[in-house]
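Reader: I want to learn how to read salt bridges in a model. Can you take me through a case?

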Amino acid sequence: MSADNCDGNVSVPLRNVLNSVQCIRDRVRDGESNESDGAFNLSNFWETLNQAVKAVSQEATKLSLAFSRPPLPSQQDGEKLSESILKSVLTLSTVYYWLPKSQGVTLRRQIRDATVEVLEGVIQLSEVILSSPLQSLTQEQLTSTGGVWSACDRFPRLPRDNKAALLVVLSSQLGVVKDAIEEIEQALSEVQDPFNDVLDDDQDADNPRSNQDTYWSERDRSVIAPCQGLMKAAAACLRKLTSAVRANADFSVPQNVAQLDDLSDVSREVSPGVDDLALCLYPPMDYSGVENNVSKLAALLKKFLEIIRVDQTCKALVYWDNLE
């Protein structure tokens with residue numbers, strides 16, 4: 001990054017902001033919450049957090065406008081702008097740290113990711129301002145400013161408690177699994193063996209068909225069918241769990257909040273397991289990979305069901321035996 005496009009006296013405080021926000025971003029991404037022995041008011045937390053996010057958005061807009069055209073801000077004005085945006089960023093990170101793990105690791109993870117996205121937007125905007133010519137508002141600066149706005153606008157849509165955060169995870173996982181199932185079904189309907197009317201006995205063993213890696217053989221298709229069943233069982237597990245969480249989940253006591261986090265952790269493993277299996281099914285089929293990933297996914301779903309059976313959230317759900 002070069003300061004050639006920015007007056008030295010003005011660029012110094014902005015560079016300091018850039019360095020400071022990068023450090024704050026790293027601490028938020030990797031740091032722990034400040035646990036509190038007292039009562040925690042989740043409603044007040046959200047009100048304060050939203051105010052902090054709004055302040056960052058406003059300060060980022062002021063900063064972008066000030067450096068959108070000549071003349072440059074004076075040294076004094078540049079320092080004030082830098083101090084204001086740094087203060088807003090520090091406030092946002094401080095409020096984020098208020099949220100204790102006892103409110104849910106799943107919730108905290110999603111708020112953390114949203115906070116990091118805002119901080120990275122401010123970092124990008126600062127970098128663009130320091131490196132862009134000042135004759136006009138560049139498209140890159142417009143995009144960077146819009147990136148901060150977009151990251152800030154995400155906060156009103158964030159889940160407000162650990163139950164809602166778990167439902168977000170489940171929805172995401174189910175969406176990925178359904179996509180994998182639909183892609184396999186679509187491929188099965190489209191991919192045809194161009195030599196399917198030729199008996200295998202008529203083929204020369206020393207001269208196999210050269211394009212066998214582009215379609216499924218009958219043997220392949222016989223392997224795919226039970227794999228599809230396992231993938232659909234994974235989707236059914238996620239749907240049933242979603243219904244149970246939506247109807248029965250309680251986050252009023254720490255023990256129940258922790259159980260929701262356990263459900264989130266095991267749910268996050270489902271879509272990668274389904275994806276790994278699906279990838280092995282495409283031609284040319286990796287039979288050993290299919291066997292390995294079937295075993296892994298089956299073990300994961302068994303673990304999934306075992307956790308669900310002992311979880312208070314799911315005790316009212318009576319359909320699990322039908323999935324095995």
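**Reading the salt bridges**

Author: Start with accessibility. Arg29 counts as partly exposed, at 36% relative accessibility. Keep in mind that this model is predicted.

Reader: What is the general idea behind a salt bridge?

Author: Side chains of opposite charge can pair when their charged atoms come close. The structure holds nine salt bridges.

Reader: Which side chain meets Arg29 in a salt bridge?

Author: That of Glu120, at 3.6 Å, N to O. Glu120 sits in helix α4 (residues 105-131) and Arg29 in helix α1 (residues 8-30). The two are 91 residues apart, so the pair links distant parts of the chain. Glu120 is partly exposed too, with a relative accessible area of 34%.

Reader: Which residues are linked with Arg29 and Glu120 in a network?

Author: Arg25 and Asp26. Salt bridges link the four.

Reader: Where do Glu185 and Lys232 lie?

Author: First the contact: their side chains meet in a salt bridge, 3.5 Å from N to O. Glu185 lies in helix α6 (residues 162-190), Lys232 in helix α7 (residues 218-248). The pair therefore ties together parts 47 residues apart in sequence. Glu185 is partly exposed at 34% relative accessible area, and Lys232 is partly exposed at 40%.

Reader: What does Glu269 form with Lys303?

Author: A salt bridge, with the closest N and O atoms 3.4 Å apart. Glu269 is in the loop between α8 (254-267) and α9 (270-281), and Lys303 is in helix α10 (residues 287-310). So this pair ties together parts 34 residues apart in sequence.

Reader: Are those two buried or partly exposed?

Author: Partly exposed: Glu269 at 33% relative accessibility, Lys303 at 36% relative accessible area.

Notes
Residues numbered from 1 in each chain as written. Predicted model: local features only at pLDDT ≥ 70, side-chain atom pairs only at ≥ 80, totals over all residues. Heavy atoms only, no water. Helix = DSSP H or I, 4+ residues; strand = E, 2+ residues; numbered from the N terminus. Buried < 20%, exposed > 50% of the residue type's maximum accessible area, 1.4 Å probe, protein only.
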